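Good morning, and thank you for joining. I would like to walk you through one model, with the sequence and the coordinates on the screen.

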Amino acid sequence: MLEYYRFKSVLDLFLKGRETEAREELSALQRRYVALCDENLAYKMQLQEYEDVLYLARNLIFDGRFYWLVTGSIRQGPFCPDCYNRDGLLMRLSGEPEDRRCSYCRRGFHVHEEQPAFMATALADGSTDTGVYEPPPVEARKAKIISFHR
């Protein structure tokens with residue numbers, strides 16, 4: 001913590017004509033201030049990292065094959081399960097729903113079975129997967145939490 005009383009002592013030194021001592025004291029206070037600012041910035045960055053991890057823990061859903069990020073009523077993804085499980089990376093899969101591919105690890109996901117019921121959104125014309133998320137039953141919403149660092 002910055003000792004505020006030291007500013008008064010700097011002022012007193014200047015008023016007494018002891019400028020060299022006052023400048024040294026002021027320089028020491030300045031170094032301490034910069035160190036505290038650096039420490040504060042490091043704490044803010046660490047706090048942001050924790051908030052990001054908490055956000056993922058609350059909003060990342062694993063449907064048995066892929067990871068999906070749920071933001072409000074929007075379902076984003078799918079994301080590569082291998083990249084997330086191995087490196088903690090959310091890499092969006094590209095391609096058609098039955099033949100998806102990860103551009104990072106190059107793994108292909110050839111899906112021939114039906115999508116889990118709680119991840120599909122049926123439309124009036126019978127098509128699915130609008131990108132709008134329909135919340136699953138509470139027991140199906142539990143995210144599988146996997147640590148980022150191994």
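I shall speak about the helices, then the salt bridges, then the sheet, and lastly some points of backbone geometry.

Please bear in mind throughout that this is a predicted model.

Let me begin with the helices. Two packed helices are described by the angle between their axes and the distance between the axes. Here the pair is α1 and α2, where α2 covers residues 19–59. Their axes come within 8 Å and cross at roughly 160°. Angles over 145 degrees count as roughly antiparallel, and α1 is therefore roughly antiparallel to α2. As to handedness, the crossing of α1 and α2 is left-handed.

Which residues form this contact between α1 and α2? From α1 the contributors are Arg 6, Phe 7, Ser 9, Val 10, Leu 13 and Phe 14. On the α2 side they meet Glu 19, Glu 21, Ala 22, Arg 23, Glu 25, Leu 26, Ala 28 and Leu 29.

I turn now to charged pairs. Side chains of opposite charge can pair when their charged atoms come close. How many salt bridges does the structure hold? There are six, and I shall discuss some of them.

One links Asp 12 with Lys 8, with 3.2 Å between the closest N and O atoms. Both residues belong to helix α1, which spans residues 5–15, and they are four residues apart, about one turn of the helix. Asp 12 has a relative accessible area of 27%, and is therefore partly exposed.

Another joins Arg 18 to Glu 21, where the closest N and O atoms are 2.6 Å apart. Glu 21 is also among the α2 residues that meet α1. Both partners are partly exposed: Arg 18 at 36% relative accessibility, and Glu 21 with a relative accessible area of 39%.

The next pair is Arg 107 and Asp 82, whose closest N and O atoms lie 2.7 Å apart. Arg 107 is partly exposed at 37% relative accessibility, and Asp 82 is partly exposed with a relative accessible area of 25%.

Three strands form an open sheet in the order β4-β5-β6, with antiparallel pairing. The edge strands, β4 (93–96) and β6, each pair on one side only. From one strand to the next, the twist averages 20°. Between β4 and β5 there are four bridges; for Ser 94, the bridge partner in β5 is Arg 101.

Finally, the backbone. Most residues other than glycine have a negative phi, and most peptide bonds are trans. Where does the model show a cis peptide bond? The bond from Gly 77 to Pro 78 is cis, with omega near 5°, and Pro 78 is found in strand β3, residues 74–79.

Arg 106 has a positive phi, near 70°. This arginine lies in the loop between β5 and β6, and Arg 106 counts as exposed because its relative accessibility is 60%.

With a relative accessible area of 52%, Gly 64 is exposed. Its C-alpha atom is separated by 9.4 Å from that of Pro 81, a residue 17 positions away along the chain.

Thank you; I welcome your comments.

Conventions: Residues are numbered from 1 along each chain as its sequence is written. This is a predicted model: local features need pLDDT of at least 70, side-chain atom pairs count only at pLDDT 80 or more; totals for chains, interfaces and linings use all residues. Side-chain values use heavy atoms; hydrogens and water are left out. A salt bridge is a side-chain nitrogen of Lys or Arg within 4 Å of a carboxyl oxygen of Asp or Glu. Helices (H or I, at least four residues) and strands (E, at least two) are DSSP runs, numbered from the N terminus. Buried means under 20% relative accessible area, exposed over 50%, partly exposed in between (1.4 Å probe, protein chains only). Two strands pair if DSSP finds at least two bridges between them. Axes are lines fitted to C-alpha atoms, for helices over the stretch in contact, and angles run from 0 to 180 degrees between N-to-C directions. Angles under 35 degrees count as roughly parallel, over 145 as roughly antiparallel, 65 to 115 as roughly perpendicular and the rest as oblique. A crossing is left-handed if the near helix is turned anticlockwise from the far one by less than a right angle, and right-handed if clockwise. Contact means heavy atoms within 4.5 Å.
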